[in-house]
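User: I have a model open and want a quick walk through it. Can you take my questions one at a time?

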Amino acid sequence: MANLLPLLLYMAVMAAISFYVRKLQQGGNFLESYFVGNRQLGGFVLAMTTVATYSSVSSFVGGPGMAFEVGFGWLYMAVVQVTAVFLVLGIFGKRVALLARKFNAVTVVDILRARYKSELLAGFAALAIVLFFSGTMTAQFVGGAKLFAAVTGYSYEIGLLLFGLVVVVYTSIGGFRAVALTDTCCAVMMIAGIVILLHYVLMAGGGVEAILGKLTVERPEMFEPFSGGKMPWTLYLTQWLLVGVCTIGLPQSVVRGISYKDTAGMKQAIIIGTVVIGFMNIGINFVGILAHGVLSGDAAANGGVDNVIPSAIVAAVPENLIGIAIIGPLAASISTISGLLIVASSAVVKDIYVHYHSSRGRTVEQSSMRRLSILTTALMGTIVFVVALTPPSLIWLINMFAFGGLETAFFWTLLLGLYWKGANKLGAELSMIGGTVVYCATQALGFKVFDLHQITIGITVSLLFFLIGSYFGKPTDEQTLKEFF
C-alpha cells in the first residue's frame, strides 16, 4: 500500500485555493468572475491552464502505453501535439479576446450567437458541449481512479472518492479562476511526475544507451516511422487531425482566449505553453518506450497498454515516493475534469438559462446567478461522478468519440466564422448540426473511409455543409460584418 499523505496534502491545497478564490469573487459581475476569471489571467497561468486542460489522463497512460508497444513511430506521431497551445492562442487568442470584450461575451457560444444570430446554432452548441464533455469527464474520472488503484493498491472506489469529489467541490466553489490556479499546480506536478518517473526508469533500466541498445537487437522495428506496420499512414493522418490541428476548435481551449489580461500575457503564454506541452508530451511518451528497461516485452499484452505506466511506476519508483509520483498522472485527470466542468456549467447557466431570461427582458439577480452556477457545476460533476462509480466499457473509445464530436461541431463554425466574411447563418447551422450528426452516425455504424478515423468524415462533411449553406443562404447583415471585421 502506497503512502497517500502527499496526495491528501495536494488535494487539500486544491480545495484551499478554491475557498481563497471565492473570497475574491465578492461584488462585480459574477458571471465574468465565475466563468472567465474577470479576464485577468497572466501569461504563465494562461499557459499552464491551457496545457493542463489539453493534457488528459490518457496523455499519461494510454499514449505512453502505445509508445511502449509501437515504439518511436508513436512518438513521431504525437509530436504534432506540441503545436496545440501555439495554434489555439495564435489563431483564436487575440481575435476571441477582442470580440469577447466588444460583445461582453463570457462563453464561446456567446461569440457564435453574436456572429451568426442563430438561436438554433447556439442551443445546439450548448447541448453538444454538455453531452460530449460529460463523456470526456467520465473517461477522466474512470481513468484516474483505475490508475490510482493499479499503482497504490487501494480500491478503485477510494481513488474516485479521494480525487473525484475534491475536484467537483473546488470547481463548484471557486469557478474559473480556481480552475486556472489549480491547473497551474497540476501542470507543475505533471512535469515533476515525468521527471521523477524518467529518472527512476533510467536508473532501473541501466540508462538510455542500455535500454535502446536492447531494443535495437530485440525490437528493431520500434525505431522505424511505420513501426513494422503498426503505424500506418492512416493513423498518422487521423491522429494529426484528432489531437493536433483540429484541437484549435475545442471550446475548453478557445475559452482561454476570453480570459487573458493583455496581449503581452498571451504572447508569453504561447511561448511558455509550447515549451511545457512539448516537454510533457515528448517526455511521457519517451518514458513509455524506456519502460522496456523495467518491464517485460509482453507487459502491454498482459494488462493492456493502459497498464504500462502504472506497472512502470510500481516497478521503478521507490515505495516511499509512489505517493508523490502518482500525483502527476492524477493531476492530468483532475485538471481536465475541472476545465471541462466549468465550461459545461457555463453552457447551462449562461448560454441557456441567463440568455433565456435576458431575451425576454428579465434580469437575473447576481445572488441567483451565484447560487445557480455553483449548484449547476456541483450537480453536473456529481452526476458524472456517479456514472464513474460503475464505469461503462470502452471508456477510452468514448473519450476519443467525444473529442472528435466537439471538433466536428466547432472547428469550421469558429474558424470560418471569425475569418471569413462569407460565412453565414445557414452555413454554420448545417455545418455544426449536420456534420455532428453524420460523425455520430458513422461512429455508431463503424463506417470508415480508407480505414481513417471518423473525424476525417466529420470534418469533411462539416466543411461541405458549411460551403453549401453559405452559398445558398442569406448573406450576413452588414452591421454584423462591420462589428466582426
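User: Which backbone oxygen does the side chain of Ser-259 reach?

Analyst: The side chain of Ser-259 reaches the backbone oxygen of Arg-256, at 2.8 Å. A polar contact here is a pair of N or O atoms within 3.5 Å; within protein, one must be able to donate a hydrogen and the other to accept it, and residues adjacent in sequence count only if both atoms are side-chain atoms. Some ground rules: this is a predicted model, where local features need pLDDT of at least 70, side-chain atom pairs count only at pLDDT 80 or more, and totals for chains, interfaces and linings use all residues. Residues are numbered from 1 along each chain as its sequence is written, and side-chain values use heavy atoms, with hydrogens and water left out.

User: Is Ser-259 buried or exposed?

Analyst: Buried, because its relative accessibility is 0%. The cut-offs are under 20% relative accessible area for buried, over 50% for exposed, and partly exposed in between (1.4 Å probe, protein chains only).

User: Where does Ser-259 sit, and what does Ser-259 touch?

Analyst: Ser-259 is in helix H14, residues 256-259. Helices (H or I, at least four residues) and strands (E, at least two) are DSSP runs, numbered from the N terminus. Not counting residues up to four places away in sequence, Ser-259 touches Val-36, Arg-39, Gln-40, Leu-41, Leu-46 and Phe-176. Contact means heavy atoms within 4.5 Å.

User: Arg-256 again. What about Thr-50, which residues is Thr-50 in contact with?

Analyst: Val-85 and Arg-256, leaving aside neighbours within four places in sequence. Thr-50 lies in helix H3, residues 43-54. Thr-50 counts as buried because its relative accessibility is 3%.

User: Now Ser-335. Which backbone oxygen lies 2.8 Å from a polar atom of its side chain?

Analyst: That of Ala-52. Ser-335 lies in helix H19. Its relative accessibility is 0%, so Ser-335 counts as buried. Leaving aside neighbours within four places in sequence, its contacts include Thr-53, Ser-55, Asp-183 and Cys-186.

User: Changing topic. How many residues are in the largest nonpolar core?

Analyst: There are 154. Tyr-10, Leu-112, Phe-141 and Phe-410 have the most contacts inside this core. Helix H10 (residues 156-205) gives the largest share, 19 residues. A nonpolar core is a set of buried Ala, Val, Leu, Ile, Met, Phe, Trp, Tyr and Cys residues joined through side-chain atoms within 4.5 Å.

User: What is in the second, separate core?

Analyst: That core has five residues, including Ala-291, Leu-295, Val-308 and Ala-312.

User: Which helix gives the largest share of the lining of the largest cavity?

Analyst: H15, with four residues. Helix H4 (57-60) and helix H15 (263-290) each supply at least two. Among the lining residues are Tyr-54, Phe-60, Gln-81 and Met-280.

User: Last one. Where is Phe-450?

Analyst: Phe-450 is in the loop between helix H22 (425-445) and helix H23 (455-472). Phe-450 has a positive phi of about 55°, although it is not a glycine. Its relative accessible area is 67%, so Phe-450 is exposed.

Key:
1 Å grid on protein atoms, 1.4 Å probe; cavity = no way out; pocket = protein on both sides within 12 Å on 5 of 7 lines; lining within 4 Å.
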